[in-house]
Amino acid sequence: MSEMRLIEAVRDGLREELAANADVFLIGQDIGVNGGVFRVTEGLIEEFGPNRVIDSPLAESGMVGVAIGAAMNGLRPVVEIQFADFIFPAFNQVVSEAARMYYRTNGEYSVPLVIRAPYGGGVRGGLYHSQSVEAYFAHVPGLKVVVPSSPYDAKGLLKAAIRDDNPVLFFEHKLSYNTVQGEVPEGDYTVPIGEAVVRREGQQLSLISYGLSVHHCLEAAETLSAEGISCEVVDLRTVRPLDTATLLESVRKTGRACIVHEDNLTGGVGGEVAAIIAKDAFEYLDAPVQRVAAPDVPSFPYSPTLEDALLPGTPDIVWAARQLAAY
Amino acid sequence: MPDNGGIDRLRDSGLDANDAQQIYRHMLLARAISEKSWLLTRQGRVLFSMPCDGQEAADVASAYALNSQTDFIVPYARSLGAMLVKGMTSQEVMLNMFGKAADPNSGGRQMPMHWGHKKLGIFSMGSSVGTTIPRASGVALASKLRGEKTVTMVYFGEGSASEGDFHEGLAFAGVYRLPVVFLCNNNGWATSVPVELQSAEPQIAKRAQGYGFPGVTVDGLDPLAVYQAVRTAVDRARSGEGPTLVETNTIRMMPHSSSDDHLRYRTQEDLDAERELDPLPRFRDFLVSSGLLDEESDQTMREAVDQEVEEAISYADAASSPDPTTALDGVYAP
């Protein structure tokens with residue numbers, strides 16, 4: 001065990017999988033000598049060479065298309081999209097090709113592909129370096145979508161994603177790279193895709209979240225605890241497939257649910273979770289399901305005064321939870 | 001009297017008499033399947049078809065330049081001739097046309113003529129054209145990284161060359177000198193839009209210069225010219241020299257698909273004139289004049305091809321449809 005930043009845990013996972021399996025290779029913009037714009041892949045080209053860490057032309061659809069072809073021909077590519085905001089040129093390759101390859105070939109061709117991308121705001125990145133894009137992909141059958149919140153999960157889930165025979169979207173909150181630290185075991189372990197985890201036990205309401213927002217939920221739960229409101233925090237970890245059993249178990253216990261994500265409200269993962277709760281935990285609910293999310297604006301604006309006005313954070317969760325507890 | 005010039009041309013293109021007959025037979029078979037499939041759609045027995053009439057020389061002769069055992073094809077919907085050369089049987093094609101459970105392309109999940117056959121090295125295509133082009137570069141990348149001497153050939157029309165994926169796929173292949181052949185069938189029409197509206201420079205092969213590798217345009221109605229150009233490209237790829245863009249100028253004798261009416265945008269005179277260029281009688285005349293085929297063996301071959309297709313249709317028509325309880329299966333690999 002050693003204390004690691006989330007960025008180091010991702011790098012650790014990549015390095016171990018590159019070392020363990022000759023079929024694994026990385027492809028993306030600036031991931032070679034530059035080590036990626038966030039330095040996630042720093043040192044990997046020196047360690048594994050340019051055939052395993054491939055700098056791509058500036059062409060997201062092309063690099064994902066290339067990766068799908070390589071995956072169909074027996075390799076296990078890991079694509080880095082520089083910012084999640086830039087994934088849209090590759091949307092057709094991901095949705096029309098990777099996601100439905102196994103289904104459309106009646107199980108002949110699988111696409112063991114991982115696409116990593118830093119997401120999220122709070123870094124003054126403006127409209128095109130701040131987006132959350134998980135909901136677009138969580139809608140698509142055939143994809144798995146993972147959003148880790150801790151270094152332990154980032155490494156374990158990434159290794160599981162690389163070993164998975166399906167296309168996996170892996171979103172890392174860019175603000176968490178250097179601000180979130182935690183214990184990470186040395187050597188091999190995986191965290192199974194599709195399993196949520198209860199981060200904090202509580203009795204009165206369930207805060208359900210994923211990614212960096214989980215940390216805001218934990219802070220809120222601490223604040224609320226001092227006010228006598230006992231919150232459970234559920235970290236979904238994977239937003240497709242959703243671990244419905246774990247989130248329903250929590251809501252059936254607490255009777256109140258608040259879903260939290262940084263993505264904007266409408267059509268977000270929170271709506272899907274709310275529908276699951278409404279259908280399968282209806283009799284247990286003591287209050288309407290709440291959602292804390294970014295407002296429906298086109299991502300976060302650049303100016304700090306504007307971005308701070310829109311970023312959902314700990315105070316928003318505390319406020320919503322108080323309303324919910326008082327209902 | 002045999003025309004010795006024909007024999008010389010055959011030899012110069014690197015083929016022998018048997019190769020020429022094989023190419024001719026595959027062209028006949030592709031045409032027969034295409035024509036029968038069209039009739040089946042008119043009868044309502046098959047729901048969709050994309051005819052390859054006019055493209056047989058380009059597809060068959062190009063695929064003939066590959067090692068059919070080890071090389072890969074990334075096809076598009078008009079690649080029937082190439083599929084047959086790569087080893088897909090008439091029965092398998094008809095199982096696909098009828099959307100039956102045993103269809104190796106997709107088990108009835110995709111529309112007809114959406115090819116993909118893993119055992120034969122045919123990489124699955126969808127309907128969103130052009131996505132195949134960077135994918136082919138990726139297939140070739142995997143072969144190269146493993147140190148294999150495998151060549152990948154991707155087929156597409158000149159309409160697909162307008163997609164951004166064309167540019168991205170070729171750029172990547174050029175940078176990493178990948179063993180891939182980009183084969184553009186330029187038949188002048190993307191459904192109803194003529195090539196003049198795709199680009200102010202309608203010769204697609206010229207674009208290769210922008211990616212740092214050769215581009216050649218050949219008469220796609222002449223199988224020997226196609227074979228020669230593609231063989232050069234395949235050899236170049238296999239020896240590690242990188243990709244080539246080969247443009248075959250072909251014709252589209254039929255509508256875009258069974259759902260299209262080409263008289264909405266083409267004149268009958270234009271279609272009649274194009275039919276005069278049909279590569280099948282042209283190649284037959286070449287073979288006959290070169291002493292490589294006589295009327296009797298031509299007739300025998302045509303009858304055998306027709307019988308093969310009729311038997312395949314009967315077989316596929318009688319085969320089982322997919323079990324509706326399997327419609328939810330296979331969304332995820334285990």
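## Figure legends: chains A and B of a predicted model

Of the 327 residues of chain A, 58% count as buried (20 or more other C-beta atoms within 10 Å of a residue's own; exposed means 12 or fewer and partly exposed in between, with C-beta atoms placed from the backbone). The model is predicted: local features need pLDDT of at least 70, side-chain atom pairs count only at pLDDT 80 or more, and totals for chains, interfaces and linings use all residues. Residues are numbered from 1 along each chain as its sequence is written, while chains are lettered from A and ligands numbered from 1 in the order in which they are written.

**View 1. The fold of chain A.** Chain A contains 13 helices and 14 strands (DSSP runs numbered from the N terminus, helices being H or I of at least four residues and strands E of at least two). Its C-alpha atoms fill a box of roughly 60 × 45 × 40 Å along the principal axes. Among contacts in chain A between residues at least 6 apart in sequence, 80% join residues at least 24 apart (a contact requires C-beta atoms, placed from the backbone, within 7 Å).

**View 2. The two domains of chain A.** The domain assignment gives domain 1 (2-184) and domain 2 (197-326), with bounds from an automatic or database domain assignment. The C-alpha centres of these domains of chain A lie 26 Å apart. Their contact takes 26 residues from domain 1 and 25 residues from domain 2. On the domain 1 side, α6 (134-138), β6 (144-146), α7 and β7 (168-173) of chain A each supply at least two residues. The residues of that side divide into twelve nonpolar, ten polar and four charged (Ala, Val, Leu, Ile, Met, Phe, Trp, Tyr, Cys and Pro count as nonpolar, Asp, Glu, Lys and Arg as charged, and the others, Gly among them, as polar).

**View 3. Helix α7 of chain A.** This helix, residues 151-163, has 13 residues and reaches 18 Å from its first C-alpha to its last, close to the 18 Å expected at 1.5 Å a residue; the expected span is 1.5 Å times one less than the number of residues. Eleven of the 13 residues of α7(A) are buried, so the helix is largely enclosed by the rest of the structure. Among the buried residues are P151(A), D153(A), K155(A), K159(A) and I162(A).

**View 4. The side of chain A that touches chain B.** The contact takes 35 residues from chain A and 32 residues from chain B. In chain A, α3 (60-72), α4 (91-98) and α5 (101-104) each supply at least two residues of this side, and α3(A) gives the most, with nine residues. By class, the chain A side has 14 nonpolar, 17 polar and four charged residues.

**View 5. The surroundings of F48(B).** F48(B) lies in the loop between α2 (17-42) and α3 (56-64) of chain B. F48(B) is partly exposed, with 16 other C-beta atoms within 10 Å. Not counting residues up to four places away in sequence, F48(B) touches T41(B), M111(B), P112(B), S257(B), S258(B) and S259(B). From F48(B) to M113(B) the C-alpha to C-alpha separation is 8.5 Å, across 65 residues in sequence.

Key:
Contact = placed C-beta atoms within 7 Å.
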